[in-house]
Amino acid sequence: MARISHSTPMTAYDHIAKMLEDKAGPDGIVSRADAEALVTELRKDGRGTEALAANNLFKMIDAFDNKEGARVTGFDLKISRKFVEEKMLENRDVNRNGFSHAEIEKMSPTARALVELGQTLEIASKGGRIAHSVPEQGAEHIASLILKSAGADGIISRKDADALFDSLYAEGRGTEKIAAEYFFSFIDHRDHEKGARVTSADVDKALAYAKEKLLENKDKNNNGYSKDEVAKFSTTAKAFLLVGQMIEAGIIKMEA
């Protein structure tokens, strides 16, 4: 893995700060309700890493100035930028030559999310239709993560799934986390009878169903997904697409 430039996560910070500022009321104040609305919108759109970063950064900035009557404004977001740059990111780069994989692993979930998001923002938009293989490999990757979370008995319990979600959060992998959460809930709901368990067979069946019903049938002309067709994707499908695009760009490694 090549070293990551300091500018990469800071571009992500600026991206999140602008989205929070855009949510501010006429008075320029970003309330907790404003921030929560943004996070909800991002999650619904499958943009889990942005949601993770926005949620954590707002809470951090809000906590900096928690006196009665204090509010988060664009000024606070600009001031906090320096703290994030120096205390959450640059001090992890021991040799001041960009972030190595080992250095990124020692970062907080928020900082790691900014690194991933910054890399994602750097992906050049090719435009045009999206091949079926892109979201499908995202779905396959998430299915593999869920399968690998199974216990020795081959059953994926809610405890196993929660442990997976927690580990993805700790690594700042918000989009994979939201995709795994939604997909596991989908699998669990399909087999909800008393005593039922989620097994590898259940995951395989759900994956085949997701490819056909959540993805392929959205392509009306069978010529790749257009922007309008992607806009009609479910949250799960949108997350699969984002994960697939990150795999294509080499940002995350596809699970075997």
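**Exercise 1. Aromatic cluster**

In this predicted model, ring pairs link F183, F186, Y209 and F240 into a cluster. Describe the geometry of the pair F183 and F240, and state which helices the pair ties together.

*Solution.* 
Step 1. A pair of aromatic rings is described by the distance of the centres and the angle of the planes.
Step 2. For F183 and F240, the centres are 5.4 Å apart and the planes stand at 80 degrees. Edge-to-face requires over 60 degrees, so the pair F183 and F240 is edge-to-face.
Step 3. F183 belongs to helix α9 (residues 174-190) and F240 to helix α12 (residues 235-248), so the pair connects parts 57 residues apart in sequence.
Step 4. F183 and F240 are both buried.

**Exercise 2. A second ring pair**

The structure holds six aromatic pairs.

*Solution.* 
Step 1. Buried means under 20% relative accessible area and exposed means over 50%.

**Exercise 3. The surroundings of D93**

Locate D93, decide whether D93 is buried or exposed, and list what D93 touches beyond four places in sequence.

*Solution.* 
Step 1. D93 is placed in the loop between α4 and α5 (101-105).
Step 2. The relative accessibility of D93 is 1%, so D93 counts as buried.
Step 3. Leaving out residues up to four places away in sequence, D93 touches H6, G98, F99 and E103. E103 is ten residues from D93 along the chain, and their C-alpha atoms are separated by 6.6 Å.
Step 4. A polar atom of the D93 side chain lies 3.0 Å from the backbone nitrogen of R96.

**Exercise 4. The nonpolar cores**

Which elements give two or more residues to the largest nonpolar core, and what does L89 contact?

*Solution.* 
Step 1. The largest nonpolar core has 34 residues, and L89 is one of those with the most contacts inside it.
Step 2. The elements giving two or more residues to this core are α1 (7-22), α2 (32-44), α3, α4 and α6 (109-121). Helix α3 provides the largest share, eight residues.
Step 3. Leaving aside neighbours within four places in sequence, L89 is in contact with P9, M10, V84, F99, M107 and A111.

Key. Residues are numbered from 1 along each chain as its sequence is written. This is a predicted model: local features need pLDDT of at least 70, side-chain atom pairs count only at pLDDT 80 or more; totals for chains, interfaces and linings use all residues. Side-chain values use heavy atoms; hydrogens and water are left out. Rings of Phe, Tyr and Trp (its six-membered ring) pair if their centres lie within 6.5 Å; planes under 30 degrees apart count as stacked, over 60 as edge-to-face and the rest as tilted. Helices (H or I, at least four residues) and strands (E, at least two) are DSSP runs, numbered from the N terminus. Buried means under 20% relative accessible area, exposed over 50%, partly exposed in between (1.4 Å probe, protein chains only). Contact means heavy atoms within 4.5 Å. A polar contact is a pair of N or O atoms within 3.5 Å; within protein, one must be able to donate a hydrogen and the other to accept it, and residues adjacent in sequence count only if both atoms are side-chain atoms. A nonpolar core is a set of buried Ala, Val, Leu, Ile, Met, Phe, Trp, Tyr and Cys residues joined through side-chain atoms within 4.5 Å.
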